[in-house]
Amino acid sequence: MGQTLIIKNMVCARCKSTIIALLTRNGLDIESIELGKVVVKQDLNSNYDTIKTALKDLGFELIEDESKVLVEQIKVLVIQSLSENNPEPIISKITKEIRKNDSAISKLFSKSEGITLEKYIINLKIEKVKEYIQLNQLNFSEIAYNLNYNNSSHLAKQFKSVTGMSMSEYRKLQDWDRKELDQIV
């Protein structure tokens, strides 16, 4: 019987490639992999400590606590929603996937991360806005639309509130200050 591993900070395709290489090097066969989750065909047993240490050395963390597993699943769902430009509200997607009400999810997230889920989503959206600005392929209205804002002025106010500058000012910067998605709390 296989084993499911929940891995913190696995937030992109490059992370998945790194995890695949690590597990394969350690003799594990991967049944499936998605952001934040890997199913291996065999139990880790004697490899457990080796895998856990190797993951930590690469900046990942093997999550064992059930509430932390749920929080990591929430983070992955938020990141996926932002990447997919999904019109469904992020909280709705999370409640469907995790099968808990939004109040329970918010409380769990806040207790674990020290920040509300709503603030976390806003912070991720702002980092996504920075990415869009750097790519210089969309105007501000298109960015707002892609991130499910009702209008670009709401996005502009939120961006300024979080970063202290307007989106136009940010666009003019030479040294863009962006955080990696797994570093946002």
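Guide: Helices (H or I, at least four residues) and strands (E, at least two) are DSSP runs, numbered from the N terminus. Read in that way, the elements of this protein run β-α-β-β-α-β-α-α-α-α-α-α-α from the N terminus on, with nine helices and four strands in the protein. This is a predicted model, in which local features need pLDDT of at least 70 and side-chain atom pairs count only at pLDDT 80 or more, while totals for chains, interfaces and linings use all residues. Residues are numbered from 1 along each chain as its sequence is written, and side-chain values use heavy atoms, with hydrogens and water left out.

Visitor: Which strands does E1 join through bridges, and how do they run?

Guide: Two strands pair if DSSP finds at least two bridges between them. Strand E1 (residues 3-8) is joined to E3 by four bridges, and the two run antiparallel; here Thr4 has Val39 of E3 as its bridge partner. Three bridges join E1 to strand E4 (residues 61-63), again in an antiparallel arrangement, and Ile6 has Ile63 of E4 as its partner.

Visitor: What joins E2 to E3?

Guide: Strand E2 (residues 30-34) and strand E3 (residues 37-40) run antiparallel and are joined by four bridges, with Ile33 partnered by Val38 in E3. Two residues lie between the strands of this hairpin, where Gly36 takes a positive phi near 80°.

Visitor: Which residues other than glycine have a positive phi?

Guide: Most residues other than glycine have a negative phi, and most peptide bonds are trans. Among the cases with a positive value here is Asn136, with phi near 55°, in the loop between H6 and helix H7 (140-146). Another is Asn148, with phi near 65°, in the loop between H7 and helix H8 (152-163).

Visitor: Is Asn136 buried or exposed?

Guide: Buried means under 20% relative accessible area, exposed over 50%, and partly exposed in between (1.4 Å probe, protein chains only). Asn136 counts as exposed because its relative accessibility is 54%, whereas Asn148, at 34%, is partly exposed. Across the protein, buried residues make up 39% of the 185 residues.

Visitor: How many residues does the largest nonpolar core have, and which have the most contacts inside it?

Guide: In soluble globular proteins, nonpolar side chains tend to be buried together. A nonpolar core is a set of buried Ala, Val, Leu, Ile, Met, Phe, Trp, Tyr and Cys residues joined through side-chain atoms within 4.5 Å. The largest one here has 48 residues, and Ile7, Val78, Ile94 and Leu117 have the most contacts inside it. Helix H6 (residues 117-135) gives the most to this core, with eight residues. Contact means heavy atoms within 4.5 Å; leaving aside neighbours within four places in sequence, Val78 is in contact with Ile90, Ile94, Leu117, Tyr120, Ile121 and Leu124.

Visitor: At what angle do H5 and H6 pack?

Guide: Axes are lines fitted to C-alpha atoms, for helices over the stretch in contact, and angles run from 0 to 180 degrees between N-to-C directions. Helix H5 (residues 102-113) packs with H6 at an angle of about 75°, their axes 8 Å apart. H5 is therefore roughly perpendicular to H6, as angles under 35 degrees count as roughly parallel, over 145 as roughly antiparallel, 65 to 115 as roughly perpendicular and the rest as oblique. Ile105, Ser106, Phe109 and Ser110 of H5 make the contact with Leu117, Glu118 and Tyr120 of H6.
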